[in-house]
Amino acid sequence: MTEKEKLALLEDLLEIEEGTLNAETNLDEIEEYDSMTKLSLIVMAEDEFGVKLDSATLKGFKTVGDILAVLNK
């Protein structure tokens, strides 16, 4: 899966307009990035990428690029 496709998945998860996110986007600036979205991200990461996210990993995410880096593992 390409980075663009991963960004599209995240945009869909956040229910924001396509093309809004890039790797440098700060998660604190995304109003939709809340606790419910984090739960959805945990499920999506495991279902789509086989990656298990824990709370420590989630707390470490500062940018969209941080999420993409974990999904690329």
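**Entry 1: helix 1**

I looked up the buried residues of helix 1 and found Lys6, Leu7, Leu10, Glu11 and Leu14. Buried means under 20% relative accessible area, exposed means over 50%, and partly exposed lies in between (1.4 Å probe, protein chains only). Helices are DSSP runs of H or I with at least four residues, numbered from the N terminus. Down the axis of helix 1, the buried residues fall within an arc of 140 degrees, so they line one face of the helix. The arc is taken from the directions that run from the helix axis to the C-beta atoms.

I noted that this is a predicted model, where local features need pLDDT of at least 70 and side-chain atom pairs count only at pLDDT 80 or more, while totals for chains, interfaces and linings use all residues. Residues are numbered from 1 along each chain as its sequence is written, and side-chain values use heavy atoms, with hydrogens and water left out.

What do the buried residues of helix 1 pack against? I found helix 2 and helix 4. Contact here means heavy atoms within 4.5 Å.

Next I checked the span. The 12 residues of helix 1 should span 16 Å at 1.5 Å a residue, and the end C-alpha atoms are 16 Å apart, which agrees. The expected span is 1.5 Å times one less than the number of residues.

**Entry 2: after helix 1**

Glu15 follows helix 1 and has a positive phi, near 55 degrees. I then went to Glu18, in the loop between helix 1 and helix 2. Is Glu18 buried or exposed? Glu18 is exposed, with a relative accessible area of 66%. The C-alpha atoms of Glu18 and Leu7 are separated by 8.4 Å, and the two residues are 11 apart along the chain.

**Entry 3: helix 2**

In helix 2, I listed Thr37, Leu41, Met44, Ala45 and Phe49 as buried. They cover an arc of only 105 degrees around the axis, which puts them on the same side of helix 2. Ser35, Met36 and Asp47 are exposed on the other side. Helix 1, helix 3 (55–60) and helix 4 (64–71) are among what covers the buried residues of helix 2.

**Entry 4: the pair**

Helix 1 (residues 3–14) and helix 2 (residues 35–49) pack at about 145 degrees, with axes 10 Å apart. Axes are lines fitted to C-alpha atoms, for helices over the stretch in contact, and angles run from 0 to 180 degrees between N-to-C directions. Helix 1 brings Lys6, Leu9, Leu10, Leu13 and Leu14 to the contact, and helix 2 brings Thr37, Ser40, Leu41, Met44 and Phe49.

Conventions. Helices (H or I, at least four residues) and strands (E, at least two) are DSSP runs, numbered from the N terminus.
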